[in-house]
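Dear colleague,

I am passing on the structure below, together with some notes on what turned up in it. Please read them with the model open beside you.

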Amino acid sequence: MTFQSVAISGASGGIGAALAEACAAPGVTLSLAGRDGERLAGVAERCRARGADVHTDSFDITDPTAAKAWIDAADARRPLDLVIANAGVSSSLGPD
């Protein structure tokens, strides 16, 4: 299955960066978010080299208003087919 518009949080490294590069192809729009702007720029360049149209944003993903604005902007550019929430908020269910 090929996705035409993908948003990925946590895309500045690790699994998020690998997923971004795996999705990158001609005709694909990627909306990438990550904390490290410099590393995110490097991921974006590698994705552009594969032919993708790439948009990047650095913000605090734990801020629900900022996260919603990022998703809304990505969807407005090109309706999203896939959102990969690779970074975000978690809580501990175990003892402290």
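Searching the whole structure for disulfides, defined as pairs of cysteine sulfur atoms within 2.5 Å, gives zero. C23 is in no disulfide, and the cysteine sulfur nearest to it, that of C47, is 8.4 Å away. C47, likewise in no disulfide, is buried, since its relative accessibility is 0% (buried means under 20% relative accessible area, exposed over 50% and partly exposed in between, with a 1.4 Å probe and protein chains only).

This is a predicted model, in which local features need pLDDT of at least 70 and side-chain atom pairs count only at pLDDT 80 or more, whereas totals for chains, interfaces and linings use all residues. Residues are numbered from 1 along each chain as its sequence is written, and side-chain values use heavy atoms, with hydrogens and water left out.

A44 belongs to helix 2, which covers residues 37-49 (helices are DSSP runs of H or I with at least four residues, numbered from the N terminus). A44 is buried, because its relative accessible area is 1%. Leaving aside residues up to four places away in sequence, A44 touches L32, V54 and T56, where contact means heavy atoms within 4.5 Å. Between A44 and T56, twelve residues apart in sequence, the C-alpha to C-alpha separation is 7.3 Å.

Best regards

How values were computed: Helices (H or I, at least four residues) and strands (E, at least two) are DSSP runs, numbered from the N terminus.
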